[in-house]
Amino acid sequence: MITHGSAQQRASGSVVEEVDSLPVVRPDFPVPDDPGMVFYLQRSTNSNTVVYAARFLDDGKLDPRQPIVAYWRRFNTTGERLALKMIEDSFAFGVRARATDDPDVFSLYVVSYPERRATLRLVEPGRAELLLPVDGRQMRMRYAYVDVDESGLMPSVREVVVTGHDTQTGRALVERIQIE
């Protein structure tokens, strides 16, 4: 189930392809470079970007109370960092993390797609990565692009493009998730 605003949609399938380099869906949009960033999400509607950043304790370990945080980079204005609104955090872009048996690894999901789990893993003190299973592989996530259709009464998602690198081969991967 994909939730966008009050509309509920479903992922109807996906296609994963290996490519020579990560595509840039919107080269006209700024790319965030925030401390701790493990992933970012852009939408077709404007250049505002949701940043997903790992949170660390003073010793460089992931913060067990809140190992990851999601927030806006308002690139369509001044680029300031703003918290997600409550409805955005609860139904669209928020992220939920759960501890595992390993204190350096957390299972997580974005609230609009709870059945799709990812893993936040400490790589070294002060550096983490976000891993997503795709087509029998493990992808180190880089970014997602959400194609939004605003032609109707309520906006709806047409497609989500997730990009990253295969953790075994280092090859660039692109997953295109069709939404209905």
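A: A salt bridge is a side-chain nitrogen of Lys or Arg within 4 Å of a carboxyl oxygen of Asp or Glu. The model is predicted, so local features need pLDDT of at least 70 and side-chain atom pairs count only at pLDDT 80 or more, while totals for chains, interfaces and linings use all residues. Residues are numbered from 1 along each chain as its sequence is written, and side-chain values use heavy atoms, with hydrogens and water left out.

The count by this rule is 17 salt bridges. In one of them, Arg171 meets Asp20, with the closest N and O atoms 3.6 Å apart. Arg171 belongs to the loop between β13 (156-166) and β14 (172-179) and Asp20 to the loop between β3 (11-19) and β4, so the pair ties together parts 151 residues apart in sequence. Strands are DSSP runs (E, at least two residues), numbered from the N terminus. Asp20 is exposed, with a relative accessible area of 73%, whereas Arg171 is partly exposed at 32%; buried means under 20% relative accessible area, exposed over 50% and partly exposed in between, using a 1.4 Å probe and protein chains only.

A second bridge joins Asp89 and Arg96 at 3.2 Å, N to O. Asp89 is partly exposed at 28% relative accessibility, and Arg96 is partly exposed at 27%.

In a third, the closest N and O atoms of Arg140 and Glu129 are 2.6 Å apart. This pair links distant parts of the chain, with Arg140 in strand β12 and Glu129 in strand β11 (residues 127-134), eleven residues apart. Arg140 counts as partly exposed because its relative accessibility is 33%; Glu129, at 7%, is buried.

Some bridges share partners: Glu18, Asp20, Arg137, Asp166 and Arg171 are joined into one network in this way.

Leu120 is one of the residues with the most contacts inside the largest nonpolar core, which has 35 residues. Such a core is a set of buried Ala, Val, Leu, Ile, Met, Phe, Trp, Tyr and Cys residues joined through side-chain atoms within 4.5 Å.

Definitions and conventions: Helix = DSSP H or I, 4+ residues; strand = E, 2+ residues; numbered from the N terminus.
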